[in-house]
Amino acid sequence: MLKVLNRLKPASRAVACTLVLATVVACTPVYKKHGYIPTPEELAEIKVGVDTRDTVLEKAGAPSSSGVLKDSGFYYVASRVRHYGPKRPEVVSRELVAISFDQRGVVRNIEKFGLEDGYVIVLDRRVTDSSVQDKGFLRQLLGNIGQFSPSNIPGAS
């Protein structure tokens, strides 16, 4: 390899070294962290049956998300994603801490989940059909002629 590089002109040598360096750098994995979960020390401070929503917010911080209903829990989610060259990003690790509350807002349970506990849920993307299919703009515009009624106007009696 060195004999081949020594025979090349300096400009060609620089291009060859740049290509080799770019290839090595492109194959290096890049890790990104997303989200936040409380530390074990912060979670140890939260007492089941004693702490409320407000004290959990003070001790553990704001959650990544919370339940839809008023009495739902707090959810802290942290993920680590690996980008490796031209490949699709891959989730390497994911942690979830779920804190649930009772009707009075007191901590009922604290649970931890990992990526191995999760299920992959495929989202169903349904699209509502419209009645406008197979009709051009002029056909839609002219199709409304004769269908106008003054009783359809709000406030008209």
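1. A quick word on terms before the strands: two strands pair if DSSP finds at least two bridges between them, and helices (H or I, at least four residues) and strands (E, at least two) are DSSP runs numbered from the N terminus. By that rule β2 (residues 65-66) pairs with β3 in the antiparallel sense, over two bridges. S66 is the residue opposite F74 of β3.

2. Bear in mind that this is a predicted model: local features need pLDDT of at least 70, side-chain atom pairs count only at pLDDT 80 or more, and totals for chains, interfaces and linings use all residues. Numbering starts from 1 along each chain as its sequence is written, and side-chain values use heavy atoms, with hydrogens and water left out.

3. Back to β3, which has other partners too. Strand β1 (residues 29-35) runs antiparallel to β3, joined by seven bridges; K33 has R80 as its bridge partner there.

4. Now the turns. The β3-β4 hairpin has five residues between its strands, and G85 in the turn shows a positive phi of about 60°. β4 goes on to pair with β5, antiparallel, over seven bridges, with A98 opposite E111. That hairpin also has five residues between the strands, and here G105 takes a positive phi near 90°.

5. Helix α4 (residues 53-60) deserves a look. Its buried residues are R53, V56 and A60 (buried means under 20% relative accessible area, exposed over 50%, partly exposed in between, with a 1.4 Å probe and protein chains only). Viewed down the axis of α4, they fall within an arc of 60°, so they line one face of the helix; the arc is taken from the directions from the helix axis to the C-beta atoms. D54 and E58 are exposed on the face turned away from the buried side. Just past α4, G61 has a positive phi of about 90°.

6. What covers that buried side? The cover includes α3 (40-45), β3 (74-84), β4 (90-101) and β5 (107-114). V56 makes contact (heavy atoms within 4.5 Å) with residues including I46, F74, I99 and V107, leaving out those up to four places away in sequence.

7. Finally, the largest nonpolar core has twelve residues, among them V56, A60, F74, Y76, V97 and F101. α4, β3 and β4 each supply at least two of its residues. Such a core is a set of buried Ala, Val, Leu, Ile, Met, Phe, Trp, Tyr and Cys residues joined through side-chain atoms within 4.5 Å.
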